[in-house]
Amino acid sequence: MLDEFKALKKEANEKMDKTIQHLKDEYKKLRTGRANVAMVEDIKFLFYGNPTPVKQAASLQTPDPHTILIDPWDKSVLHAIDKGISDSGLGFTASNDGRVIRVSIPPLTEDRKKEMVKYGKEMAEESRVVVRNWRRDINAKVKQLLKDGHIGEDDERKELDDIQKVTDNHIKTIDDLVVNKEKEIMEV
């Protein structure tokens, strides 16, 4: 039975960790007023007729806090990448000098910062819900073990408590991510 409990805790941890990693990845794309290559790396442009993310056709750098530099490996796609950025709807201004593309990231207004913070909190709440849903699913498996007679009530209570601790740790991590992202958005 101990192995089964370990497997359930491991499953809960892995699924909750993936949820947190997803939130971190989404937060990288959340605009803070500071240049970050994650803001443009997934923008698609037509590369020989195929929609291709910028990161697969160019090196990306942030030479300063308000500029992203896109250096395509094949200079013939400069105009296609430029068009992809313009068509993305992100509101970035790109300038193409024939060798590289410079994307200017304008500073955020106070209202826009507040919108970004609100959106970040919404994303965090969605992640909390997902973590709680994983807890619910794992708890159902533990309760099924009790119902099937594989474990006793004491074992069930202990396992439910352990899963709650795992959940609480993941919720705290999400809360910490929100606080840090809010600081990052508001300080710029």
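## The second largest pocket

Five nonpolar, three polar and five charged residues make up the lining of the second largest pocket. Two elements, α1 and α4, each give two or more residues to this lining. The largest share comes from α4, with four residues. The model described here is a predicted one.

This pocket has a volume of about 180 Å³. In total, 13 residues line the second largest pocket. Nearest its centre lie Y27, K28, N36, K181 and E184.

## The largest pocket

The largest pocket holds about 330 Å³ of space. Its lining counts 16 residues. Closest to the centre are K29, L30, R31, M39 and L90.

Which helix gives the most to this lining? It is α3, with four residues. Both α1 (2-29) and α3 supply at least two residues of the lining of the largest pocket. By type, the lining divides into ten nonpolar residues, one polar and five charged.

## The cavity

Rolling a probe the size of a water molecule over the atoms shows where empty space is left. How many cavities of 30 Å³ or more does the structure hold? There is one. About 40 Å³ of space lies in the largest cavity.

The lining of this cavity consists of Y27, L30, M116, V117, G120, K121, V178, K181, E182 and I185. Helices α3 (110-147) and α4 (153-187) each provide at least two of the lining residues. Six residues of the lining are nonpolar, one is polar and three are charged.

## Helices α3 and α4

Two packed helices are described by the angle between their axes and the distance between the axes. Here, the axes of α3 and α4 come within 10 Å. They cross at roughly 170°. Angles over 145 degrees count as roughly antiparallel, so α3 is roughly antiparallel to α4. The contact of α3 with α4 involves 14 nonpolar, five polar and twelve charged residues.

## Y48 and the aromatic rings

Look next at Y48, in the loop between β1 (44-47) and β2 (50-53). Is Y48 buried or exposed? Its relative accessible area is 66%. Exposed means over 50%, so Y48 is exposed.

Most residues other than glycine have a negative phi. Y48 has a positive phi of about 55°, although it is not a glycine.

Y48 also belongs to an aromatic cluster, together with F45 and F47. A search of the whole structure finds two aromatic pairs.

## H79 in helix α2

Where is H79 found? H79 sits in helix α2, which covers residues 78-87. The relative accessible area of H79 is 60%. That value is over 50%, so H79 counts as exposed.

H79 and I101 are 22 residues apart along the chain.

Technical notes. Residues are numbered from 1 along each chain as its sequence is written. This is a predicted model: local features need pLDDT of at least 70, side-chain atom pairs count only at pLDDT 80 or more; totals for chains, interfaces and linings use all residues. Side-chain values use heavy atoms; hydrogens and water are left out. On a 1 Å grid over the protein atoms alone, a cavity is a set of points where a 1.4 Å probe fits but cannot get out, and a pocket is an open set with protein on both sides within 12 Å along at least five of seven lines; lining residues have an atom within 4 Å of a point. Grid points are joined across faces, edges and corners, and a volume is the space filled by probe spheres set on the points. Ala, Val, Leu, Ile, Met, Phe, Trp, Tyr, Cys and Pro count as nonpolar, Asp, Glu, Lys and Arg as charged, and the others, Gly among them, as polar. Buried means under 20% relative accessible area, exposed over 50%, partly exposed in between (1.4 Å probe, protein chains only). Rings of Phe, Tyr and Trp (its six-membered ring) pair if their centres lie within 6.5 Å; planes under 30 degrees apart count as stacked, over 60 as edge-to-face and the rest as tilted. Axes are lines fitted to C-alpha atoms, for helices over the stretch in contact, and angles run from 0 to 180 degrees between N-to-C directions. Angles under 35 degrees count as roughly parallel, over 145 as roughly antiparallel, 65 to 115 as roughly perpendicular and the rest as oblique.
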